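User: Please take a close look at one part of the model shown here, and then relate that part to its surroundings in a single connected account.

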Amino acid sequence: MPVGHTSFIQSVSFSNDDKYFLTSSIDGTSKIWDLSSGNLLINLEGFGHYVEDATFSEDGSYVAAISSDKKVRVFDVATGKEIYMFSIEINEEYYINFSQDGKYLISSYNDSTARIWELRNGKVVRDFTTKS
């Protein structure tokens, strides 16, 4: 069983305490690694397609990932288990990030849209279009 990704890495991210880093790949996984040892700690799975982007929450408790199967997933870092999943309507997703308080996610898309989600219920709070 391979430890690393079996295909291209799409995104990388550090935890805010710089102890861990996160990689996401078109192989349909995100992985949490120990920065000092380089060892794989957690393999986040369950994506139907490749993972576009993933990021740690401010406190490092969660990872949010956005994948090409039109899903946003949030994982508990301590257990590696998916705790939230919600669907999105946009065809191509690119980036995702937590608010500093961990209550919201923001995602951006290739159609010049940014969307804010309430984490606890997966509801859209607001859409922003940057096209003039």
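This is a predicted model: local features need pLDDT of at least 70, side-chain atom pairs count only at pLDDT 80 or more; totals for chains, interfaces and linings use all residues.

Where is the place of I26?

Analyst: I26 has its place in the loop between β2 and β3.

Together with F8 and Y50, I26 makes a nonpolar surface patch of about 310 Å².

The strands β2 and β3 belong to an open sheet of four strands, in the order β1-β2-β3-β4 and with antiparallel pairing. Its edge strands are β1 (9-14) and β4 (40-44), each of which pairs on one side only. From one strand to the next, the twist averages 20 degrees. Between β1 and β2, which run antiparallel, there are five bridges. In this part of the sheet, I9 stands opposite S25 of β2.

The aromatic rings come next. A pair of such rings is described by how far apart the centres are and by the angle of the planes. With centres required to lie within 6.5 Å, the count comes to three aromatic pairs. One of them is formed by F21 and W33: the ring centres are 6.1 Å apart and the planes stand at 10 degrees, so this pair is stacked, given that stacking calls for planes under 30 degrees apart. F21 lies in strand β2 (residues 20-25) and W33 in strand β3 (residues 30-34), so the pair ties together parts that are twelve residues apart in sequence. F21 counts as partly exposed, at 23% relative accessibility, whereas W33 is buried, with a relative accessible area of 10%.

Another of the pairs is that of F86 and W117. Here the ring centres are 4.8 Å apart and the planes are at 45 degrees, so the pair is tilted. F86 lies in strand β8 (residues 82-87) and W117 in strand β11 (residues 113-118), so this pair ties together parts that are 31 residues apart in sequence. F86 is buried at 9% relative accessibility, and W117 is also buried, with a relative accessible area of 1%.

Technical notes:
Residues are numbered from 1 along each chain as its sequence is written. Side-chain values use heavy atoms; hydrogens and water are left out. Rings of Phe, Tyr and Trp (its six-membered ring) pair if their centres lie within 6.5 Å; planes under 30 degrees apart count as stacked, over 60 as edge-to-face and the rest as tilted. Helices (H or I, at least four residues) and strands (E, at least two) are DSSP runs, numbered from the N terminus. Buried means under 20% relative accessible area, exposed over 50%, partly exposed in between (1.4 Å probe, protein chains only). Two strands pair if DSSP finds at least two bridges between them. Axes are lines fitted to C-alpha atoms, for helices over the stretch in contact, and angles run from 0 to 180 degrees between N-to-C directions. Patches are made of residues with over 30% relative accessible area and no salt bridge: like charges are joined within 9 Å, nonpolar side chains (Val, Leu, Ile, Met, Phe, Trp, Tyr) within 5 Å. Accessible areas come from the Shrake-Rupley method with a 1.4 Å probe; for residues, only the protein chains shown count as cover. A salt bridge is a side-chain nitrogen of Lys or Arg within 4 Å of a carboxyl oxygen of Asp or Glu.
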